[in-house]
Amino acid sequence: MAKPTIVGGIEPFGTLHKLIEAKDPEAFIADIAPRIRGVAIAYTANKLDGAFMSRFPKLEIVSSFGVGYDHVDAKWAGEHGIVVTNTPDVLNEEVADTAIGLLLSTIRELPQAERYLRAGKWLEQGYPLSKATLRERTVGIVGMGRIGKAIGRRLEAFGVDVVYHSRNPQPGVSYKYYPKLLDMAHDVDTLMVIVPGGAATKNLINAEVLKALGPDGILINMARGSVVDEPALIKALQDRTIMSAGLDVFVNEPHVPKELIEMEHIVLFPHLGSASAATRKAMDQLVVDNLQAWFSGKPPLTPVPETPYPPKKQA
């Protein structure tokens, strides 16, 4: 088998072409497109839609870095015989750890307290008592996939009541299930969002959900920025419709709305979910392993549902 050509990726598979380094991307693509059989993509800001993938007539596989893959039009890929893979499982525990860290930071105002100390204010008086506590809170997890379950296990260890909303009840999950998100938002005081991005979940957390969460409510978003109606969230925080929010993701990363940055009663992380050296190394390796398996004539390791392997037979 001839060695494949890859846009991005790792050297052992053949000729490596780095689109991100091209001075003239259009000329670069025109030159290499007839030879490309595999694409590795690492940044969710880089969109691989049907129009882009159609420029590579020999494209067979897109190996994407990250568990979320809404930046790739997987439906189009599946309809055109292209396999898309992602990197699930290897980041579950890291993201769940970060989610709990963000939750605790938001509820107990830990970043604010650290800034208070660094500013020398502790010398004048102690930091004010935090207005919220994790005690007696009920956390509603929006999305009970692999990471949602890992978050749930951690919350149980903290003695926190957990309920959840997802498209369907999850087998083997003992937490109370809410078919309707709005009903759950009414019954809890904390929402932890960990669903995939994309059209199906765009603005899932809207003004109505935030109002239902209420003035003691705290929103934690570990999913995608698109899942939350950002203007509605800003207004809810300004009006104190909800108490606070902890956000690891934003609509237009790395650009964060000025209104959010100026708020002192919320916590903002720069998309830290899986961002440890150990976990990113494991994710890198899975991107490579998917490509290596494919170009060795083996099935991909982690194909996404829209591009199952073996492919579904056409009716």
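**View 1. Buried residues of helix H1.** Helix H1 spans residues 25-32, and its buried residues are Phe28, Ile29 and Ile32. Seen down the axis of H1, these buried residues fall within an arc of 95°, so they line one face of the helix. The arc is that of the directions from the helix axis to the C-beta atoms. Buried means under 20% relative accessible area, exposed means over 50%, and partly exposed lies in between (1.4 Å probe, protein chains only). Helices (H or I, at least four residues) and strands (E, at least two) are DSSP runs, numbered from the N terminus.

**About the model.** This is a predicted model, in which local features need pLDDT of at least 70 and side-chain atom pairs count only at pLDDT 80 or more, while totals for chains, interfaces and linings use all residues. Residues are numbered from 1 along each chain as its sequence is written, and side-chain values use heavy atoms, with hydrogens and water left out.

**View 2. An open sheet of seven strands.** The strand order is E8-E7-E6-E9-E10-E11-E12, and the pairing is parallel. Two strands pair if DSSP finds at least two bridges between them. Strand E8 (176-177) and strand E12 (267-268) are the edge strands. Each of these pairs on one side only.

**View 3. Strands E9 and E10 side by side in the sheet.** Strand E9 covers residues 190-193, and strand E10 covers residues 218-221. They pair in the parallel sense over four bridges. Threonine 190 stands opposite isoleucine 218 in E10.

View 4. Proline 254 lies in the loop between strand E11 (244-247) and helix H10 (258-261). Proline 310 sits in the segment after helix H11 (277-295).

**View 5. Positive phi at glutamate 136.** Glutamate 136 is not a glycine, yet its phi is positive, at about 65°. Its place is the loop between helix H5 (110-118) and strand E6 (138-142). Is glutamate 136 buried or exposed? Glutamate 136 counts as exposed because its relative accessibility is 80%.

**View 6. Positive phi at histidine 271.** Histidine 271, a residue other than glycine, has a positive phi near 50°. Histidine 271 lies in the loop between E12 and H11. Its relative accessibility is 26%, so histidine 271 counts as partly exposed.
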